[in-house]
Amino acid sequence: MRFINTLCAIGCVLGLAGPSLAADAAAAPAVREMVKVDPRAHYKVVYDIHSDETAAGISKGLYYARGLIEAYGKQGVAPAQLDIHLVLHGDAAQFLLIDDTYQKAVKDPFAVNLNAKITQDLLNLGVSVEICHSVMRAKGWTPADVLPGVTIVHDGYTRLIKLQNDGYAYLGGF
């Protein structure tokens with residue numbers, strides 16, 4: 001009888017331990033792989049930047065484009081592997097003006113275009129920064145009013161369409 005009691009006690013312990021062990025295994029986090037980009041590939045992207053919204057005091061579009069380069073860099077992709085075009089049109093075009101013209105555009109005689117530095121940084125990284133000529137004409141701006149190194153395109157919409165037709169990934173909303 002003592003043997004049967006011992007056997008039952010062992011069975012009860014094993015029976016109670018079973019669900020507990022299963023619960024512990026289910027609660028343990030599974031190892032999950034993170035999806036990353038191919039660090040050997042070449043990437044093409046075009047940003048549609050038309051808003052005068054800012055982030056950290058500069059154009060939201062320019063800010064996020066710089067962040068994209070950093071995100072690729074953290075995954076082993078060098079700036080030379082990126083083919084990025086930033087097409088600024090509409091209200092965003094003002095971010096590509098020299099200070100004198102920028103002051104008139106924002107109606108502040110003391111304003112400094114804080115976007116000039118990030119624009120130059122992006123140009124130095126091989127990014128094509130482009131301004132819409134249609135907006136320039138409508139605002140009375142000339143090529144001399146535009147920051148050095150910025151490319152003047154006929155108009156923002158046809159440029160965006162051409163680049164998308166050429167296989168560039170489209171990023172909008174800026």
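This is a predicted model: local features need pLDDT of at least 70, side-chain atom pairs count only at pLDDT 80 or more; totals for chains, interfaces and linings use all residues.
A residue is called buried when its relative accessible area is under 20%.

**Stop 1: strand β4.** Select residues 82–88, which form β4. Six of these seven residues are buried, so the strand is largely enclosed by the rest of the structure.

**Stop 2: the largest nonpolar core.** Display the side chains of Y47, I49, I84, L86, L88, L122 and V129, which have the most contacts inside the largest nonpolar core, a set of 36 residues. At least two residues of this core come from each of β1, α2 (60–73), β4, α4 (115–124), β5 and α5 (133–139). Helix α2 gives the most, with five residues.

**Stop 3: Y47 and its surroundings.** Centre the view on Y47 and show its contacts, leaving out residues up to four places away in sequence. The residues touched by Y47 include G61, Y64, A65 and L68, together with I84, H85, L86 and V87. L160, L171 and F174 are also in contact with Y47.

**Stop 4: a separate core.** Finally, select V46, V87, L160 and Y168, which are among the five residues of another nonpolar core, lying apart from the largest one.

How values were computed:
Residues are numbered from 1 along each chain as its sequence is written. Side-chain values use heavy atoms; hydrogens and water are left out. Buried means under 20% relative accessible area, exposed over 50%, partly exposed in between (1.4 Å probe, protein chains only). Helices (H or I, at least four residues) and strands (E, at least two) are DSSP runs, numbered from the N terminus. A nonpolar core is a set of buried Ala, Val, Leu, Ile, Met, Phe, Trp, Tyr and Cys residues joined through side-chain atoms within 4.5 Å. Contact means heavy atoms within 4.5 Å.
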